[in-house]
Amino acid sequence: MSPLEWISNLLLGAGLLCLFTGALGLYRLPDFYSRTHAASIIDTAAAALVVVGLALRSDSFATIVRLLLILLFMFFTSPTASHALAQAALQDGLRPWLAKRPRKTRARSGGAAE
Amino acid sequence: MNGFVWIDIVLFTILAATAVGLARTRQLFAAAMLSGLFSLTSACIFVLQDAVDVAFTEAAVGAGMTTVLFLGTLALTRSREKVTPPRRSIPAALIAIFTGGVLIYASTDMPPFAAADTPVQQHPLTQRFLDDSMTEIGVPNVVTSVLASYRGYDTLGETVVVFTAAIAVLMLLGRGRPATSAEPKPREALPQPIQHDQRVLRVVSKLMLPFILLFALYVQFHGDYGPGGGFQAGVIFASGLILYALVFGLDAARAAVSPAALRRMVPLGVLIYAGVGFATLLLGGAFLDYNVLDAHDPAHGQHLGILLVELGVGITVTAAMLMLFYSFAARGVGR
Amino acid sequence: MIASHYNYWIAVVLLMIGLYVVMSHSNTIKKLIGLNVFQVAVFMLYISLGKIEGGTAPIVDAAFTVYSHPLPHVLILTAIVVGVATTALGLALVVRIHEAYGTTDEDEALIADRREAERT
């Protein structure tokens, strides 16, 4: 096995570990915000490690470029999605688990309640 | 047993679990999101079964468009359903089990999965498509050549169906203003402009938008050589604009792409498609026989015909999808 | 039997779930979600018919000789887009029903209809 393949295996293994940690966290963590945090490990760290690991394995230049473009795209979108999700929950008045005092809930604009 | 079987098993388990969860949950928002997940997982399975074009479409349509439409509807209606009473669920379950049993019994007559000697693979048409497409049409992606050339009539029909559905939704939901606005207060609908502190979302989506639209154009015009084509490109282009509408508000999106322009673009695409057909008639060929488009080189004529026809499909699908979204979104703002 | 037919069976199972949701639930939005599941099950059956052992995606290249059948792909590709268009039509009808009856539940709408028929 060439050194490149070893590095690739190592990265894929690390990605798998992140994936497993994230999935476990998504299942076990107590509240919405910490679960979002676990999910964001999956779509940032795990996905990036797996993509880089796959890029090292590929022998065609076009494939590597595409994988790196995917990586760049995920680098921007995944954290944004997690951020938007958490912010929407906060605006909706969902309190983090460890927050002591009830947070002043901002009134939802319009009247979504039926 | 190779590695693919294990991937198959994992994906099928996720798919079945999602379907069960979707059937059981009474929160319709959750069900809509699960149906997006369901579509994405089935797209992965389509890739494993070599249907890359289909997977592409399913991922863009199922996880993107359909979910947005469901969420748009849920913003206008209520998002919890009643408990299903046993008088409804028991007969339904019996009929479903009976149907499934009959189908599984029938499936024992089916040839083994992926065998080379099935009637599908043995049919003369298979080799005709795969062997002659390159010489007759010169397009490496056989799916595109079958879609736009060999089965051009069929695709024209499908484009007309998309066009008809867009018109029907426009007739049902109008231009967004119901005749009687009984509710005094405007309700929060899906694409209200997001508050100012969503700066990250605004910046990143503005950064991504040109690339999404560029990617849609790549998918549109690279469909001859790789997976892609008018249907996929249309949905991706519309998704990019829907992202803009969701983040910056419906009014900003309507200023960028006006509904009046969309109402002209939906029939324009169908007219381009049918127009190519009539052009070939006038040039002395059959309807949608692209060979006559170039007097010297039939393959070049085929290229030109496919390009134009896919362009027509792309325009109609983009405009129809965006118009569907506008209709649902504007209905909420108008109330 | 299991190794060679499980693809068909998973399609049948999904079809059963979709059919059950369409028939049992009285909420019209849920019915449409069930219809989508049903639809994807049919798509999977079609696509699995086109697959061939050792084949690859039907994009002609000198490196490959065996390709899966392109025809099911074409049929399903267009069916997916037509499917979302018809789903949108169904959802538009749901929105109109909700405006007219104040409910998305077909049983409640039928009861309201019956009451109105008794009154006149």
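**Entry 1: fold order.** I walked chain B from the N terminus and read its elements as α-α-α-α-α-α-α-α-α-α-α-α-α. The tally for chain B is 13 helices and 0 strands. A reminder to myself: this is a predicted model.

**Entry 2: the chain as a whole.** I boxed the C-alpha atoms of chain B along the principal axes and got roughly 65 × 50 × 40 Å. Chain B has 335 residues, and 50% of them count as buried. I then looked at contacts in chain B with a separation of 6 or more: residues 24 or more positions apart account for 72% of them.

**Entry 3: surface and charge.** For chain B I noted an accessible surface of about 14900 Å², with 70% belonging to carbon and sulfur atoms. Next I looked up the charges of chain B, 21 positive and 21 negative, and found their mean positions 25 Å apart.

**Entry 4: helix α4 of chain B.** I picked out residues 86-107, a helix of 22 residues. From first C-alpha to last, α4(B) reaches 30 Å, close to the 32 Å expected at 1.5 Å a residue.

Which residues of α4(B) are buried? I found B:R88, B:S89, B:A92, B:A96, B:G100 and B:S107. They sit on the same side of α4(B), because they cover an arc of only 75° around the axis. I kept the general rule in mind: an α-helix has 3.6 residues a turn, so residues three or four places apart point the same way.

What do these buried residues pack against? My note reads α1 (2-24), α2 (28-50) and α4 (106-119), each from chain C. Turned away from the buried side, I listed the exposed residues B:P86, B:R87, B:L94, B:I97, B:F98 and B:Y105.

Note on methods:
Residues numbered from 1 in each chain as written. Chains lettered and ligands numbered in written order. Predicted model: local features only at pLDDT ≥ 70, side-chain atom pairs only at ≥ 80, totals over all residues. Heavy atoms only, no water. Helix = DSSP H or I, 4+ residues; strand = E, 2+ residues; numbered from the N terminus. Buried < 20%, exposed > 50% of the residue type's maximum accessible area, 1.4 Å probe, protein only. Contact = heavy atoms within 4.5 Å. Areas by Shrake-Rupley, 256 points an atom, 1.4 Å probe, with all protein chains shown as cover. Lys, Arg positive; Asp, Glu negative; His and termini not counted. Charge placed at Lys NZ, Arg CZ, Asp CG, Glu CD. Expected span 1.5 Å × (residues − 1). Arc of directions from axis to C-beta.
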